Amino acid sequence: MGGNKGNGGFALFCCFIALGVSAVIAFITYLLPLVSDSITVGGDVMNVFDIVLEVSSLVGLGFGALAFSARSGKLVKLLTAVFVLVFLVAIVLGIVGII
């Protein structure tokens, strides 16, 4: 990830990884069972996939949004911080079973 410092390379990489993880989970969860009736995704596996999907979404979207907000005004920075915090709290509460 060379290039100019501050060009958002890491944020773009996180977005790419989040997209890849989401695509793999979507393939396993939704498309693979269409190919064969013998392939099913159980409840525990789905719970793990949901957590991985949520965390990868937070990382990809969060770093992408932070890279965007770094180039924006104070209101966008504040909103980004609030959005990321709400997303993070919701994921943690979901993992511990509160919501």
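Mentor: A polar contact is a pair of N or O atoms within 3.5 Å, where, within protein, one must be able to donate a hydrogen and the other to accept it, and where residues adjacent in sequence count only if both atoms are side-chain atoms. The model is predicted, so local features need pLDDT of at least 70 and side-chain atom pairs count only at pLDDT 80 or more, while totals for chains, interfaces and linings use all residues. Residues are numbered from 1 along each chain as its sequence is written, and side-chain values use heavy atoms, with hydrogens and water left out.

Ser56 sits in helix 2 (residues 43-70), a helix being a DSSP run of H or I with at least four residues, numbered from the N terminus. A polar atom of the Ser56 side chain lies 3.1 Å from the backbone oxygen of Leu53. Ser56 is buried, because its relative accessible area is 11%, and buried means under 20%, exposed over 50% and partly exposed in between, with a 1.4 Å probe and protein chains only. Beyond residues up to four places away in sequence, Ser56 touches Ala18, Val21 and Ser22, contact meaning heavy atoms within 4.5 Å.

Ala26 is partly exposed, because its relative accessible area is 27%.

Thr29, likewise in helix 1, is buried at 12% relative accessible area. The side chain of Thr29 reaches the backbone oxygen of Ile25 at 2.7 Å, and, leaving aside neighbours within four places in sequence, Thr29 is in contact with Val41, Met46 and Phe49.

Notes. Helices (H or I, at least four residues) and strands (E, at least two) are DSSP runs, numbered from the N terminus.
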